[in-house]
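Subject: Handover of a structure

Dear colleague,

I am passing on the structure below, together with some notes on what was found in it. Please look through it before reading on.

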Amino acid sequence: MDTTVNNYHVEVRRWCASCQHKEILNDGTRICQLMNIKVPQSNVCPQWQMSDGLKNAGMSGGVIKKLTEIIIK
């Protein structure tokens, strides 16, 4: 399994499912937008790029909107 790490130290697997260039049709088939061909989920091509969502995975910035009290007996 080939993996890489994003800027926030989250490990990301290199395959079609994590590629920026994938397009998923309604029936679940994946199409590479660069090559315009159907590709299997585990396909890894030399033009693989990490998707924008995975580039930001692990980025802090979450905010607690409502703090609730938890009592453990």
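How many bridges join β3 to strand β4? There are three, and the two strands, β4 covering residues 30–32, run antiparallel; K22, for instance, stands opposite C32 in β4. Strands here are DSSP runs of E with at least two residues, helices are runs of H or I with at least four, both numbered from the N terminus, and two strands pair if DSSP finds at least two bridges between them.

Please bear in mind that this is a predicted model, in which local features need pLDDT of at least 70 and side-chain atom pairs count only at pLDDT 80 or more, while totals for chains, interfaces and linings use all residues. Residues are numbered from 1 along each chain as its sequence is written, and side-chain values use heavy atoms, with hydrogens and water left out.

The open sheet consists of three strands in the order β3-β4-β5, with antiparallel pairing. Because β3 and β5 (37–39) stand at the edges with a single partner strand each, one side of each has no neighbour in the sheet.

The structure also holds two salt bridges (a side-chain nitrogen of Lys or Arg within 4 Å of a carboxyl oxygen of Asp or Glu). In one of them D2 pairs with R14, with the closest N and O atoms 3.2 Å apart; this links distant parts of the chain, since D2 lies in the segment before β1 (3–5) and R14 in the loop between β2 (11–13) and β3 (22–24), twelve residues apart. In the other, K55 meets D52 at 3.9 Å, N to O, and both residues lie in helix α1 (residues 52–55), three residues apart, about one turn of the helix.

Best regards
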